Amino acid sequence: MSNSPGAIPSDQVAEMFQINLKNRSFAALLAWLIPGAGHLYQGRTAKGLVFMICITSTFVFGMYLGGGKVAYASPKTVKQMRANDPGRGRLVSRVIQAMDRWPAICQSGIGSVAIPMLVERSRFLAGRDALFPGGIFRPPRDARDGPITHVDASGNTVRHPTELAKWTYQYGFYFELGTIYTVVAGLLNVLAVYDAHAGPLIPAAREDADGKDEPEKPQGDKTG
């Protein structure tokens with residue numbers, strides 16, 4: 001058998017199946033902004049609708065579980081972290097800042113989520129009111145901005161050190177579960193963005209001794 005690459009290049013696949021990927025960069029941008037939009041732009045309607053429905057519904061369900069509070073960017077700034085530890089470098093501070101709110105990095109796989117998060121973070125740090133209703137995409141505040149209280153199901157008033165602690169107490173397990181759903185949705189959309197830019201990937205066939213195509217077979221253990 002002759003050796004051949006494991007996959008057909010996307011350009012050849014597009015030509016073989018008459019797929020017009022149009023402007024790939026623009027399609028990837030659309031796919032990042034709105035799940036499935038890039039594929040709809042390319043005329044790949046079925047795949048675009050699947051991505052749009054599945055990824056969007058996963059994210060929306062996660063937001064519902066977390067009361068709309070699970071998607072936000074870190075309110076910490078590099079300047080604040082370096083003030084607390086003057087010996088810390090800027091690069092290290094940025095890494096710590098990113099890890100402080102790592103779910104936001106994953107959620108940013110969806111552009112229509114990343115942009116509002118950054119807008120609300122900017123307004124939060126500037127002391128301006130929330131732009132989106134219900135405080136969606138807005139970072140949590142701490143007790144320095146005023147008392148943070150919550151009346152539980154028993155009618156007791158609970159005082160919290162931060163608004164994040166209040167959300168965790170208020171929504172319980174569902175807050176973490178909602179975070180997971182939104183993180184998964186963002187990561188799935190990264191794959192959709194790649195697919196919009198690169199096109200479909202189809203395994204290449206191998207030729208047997210008679211010159212007929214046959215599927216690539218996995219390599220087995222030859223020690224037996």
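The structure is a predicted model. Its secondary structure comes to 10 helices and four strands. Read from the N terminus, the elements follow the order α-α-α-α-α-α-α-α-β-β-α-α-β-β. The chain has 224 residues, of which 36% count as buried. Among contacts with a sequence separation of 6 or more, 56% are between residues 24 or more positions apart.

Two packed helices are described by the angle between their axes and the distance between the axes. In this chain, helix α9, residues 163-171, packs against helix α10, residues 173-198, at an angle of about 105°. The axes of α9 and α10 lie 5 Å apart. Because angles from 65 to 115 degrees count as roughly perpendicular, α9 and α10 are roughly perpendicular to each other. On the α9 side the contact is made by L164, W167, T168 and Y171, and on the α10 side by F173, Y174 and F175. Sorted by class, the residues of this contact are six nonpolar and one polar, with no charged residue.

Y72 and W167 pair edge-to-face, with 6.0 Å from centre to centre and 65° between the planes. The pair links distant parts of the chain, since Y72 is in the loop between α4 and α5 (78-84), W167 is in helix α9, and the two are 95 residues apart. Both partners are enclosed by the criterion used here: residues under 20% relative accessible area count as buried. Y72 is therefore buried, at 5%, and W167 is likewise buried, at 4%.

The count of aromatic pairs in the model comes to seven. Another of these pairs joins F61 and Y64, which are stacked, with 6.4 Å from centre to centre and 25° between the planes. F61 and Y64 are three residues apart in helix α4, residues 45-65, and so are separated by about one helical turn. Together with Y181, F61 and Y64 form one aromatic cluster.

R138 leads back to Y72 and W167. R138 is found in the loop between α8 (111-125) and β1 (148-151). With a relative accessible area of 16%, R138 is buried. Leaving aside residues up to four places away in sequence, R138 touches Y72, E120, R123, F124, R128, D129, A130 and W167. With one of these residues, E120, R138 makes a polar contact from side chain to side chain, at 3.3 Å. The aromatic pair of Y72 and W167 thus has both of its members among the residues that R138 touches.

The backbone also deserves attention. Most residues other than glycine have a negative phi, and most peptide bonds are trans. Against this background, F137 has a positive phi of about 70° although it is not a glycine. F137 lies in the loop between α8 and β1, the loop in which R138 is also found. F137 counts as buried at 10% relative accessibility. K22 likewise has a positive phi, near 55°, in a residue other than glycine. K22 lies in the loop between α1 (10-16) and α2. With a relative accessible area of 45%, K22 is partly exposed, whereas F137 is buried.

Where does G36 lie? G36 belongs to the loop between α2 (24-33) and α3 (37-41). At 0% relative accessibility, G36 counts as buried. Beyond residues up to four places away in sequence, G36 touches G48, F51 and M52. G36 and I53 are 17 residues apart in sequence, and their C-alpha atoms are 8.2 Å apart in space.

Key:
Residues numbered from 1 in each chain as written. Predicted model: local features only at pLDDT ≥ 70, side-chain atom pairs only at ≥ 80, totals over all residues. Heavy atoms only, no water. Axes fitted to C-alpha atoms, helices over the stretch in contact; angles between N-to-C directions. Parallel < 35°, antiparallel > 145°, perpendicular 65-115°, else oblique. Contact = heavy atoms within 4.5 Å. Nonpolar A, V, L, I, M, F, W, Y, C, P; charged D, E, K, R; others polar. Buried < 20%, exposed > 50% of the residue type's maximum accessible area, 1.4 Å probe, protein only. Polar contact = N/O pair within 3.5 Å; in protein donor to acceptor, adjacent residues only side chain to side chain. Phe/Tyr/Trp six-rings, centres within 6.5 Å; stacked < 30°, edge-to-face > 60°.
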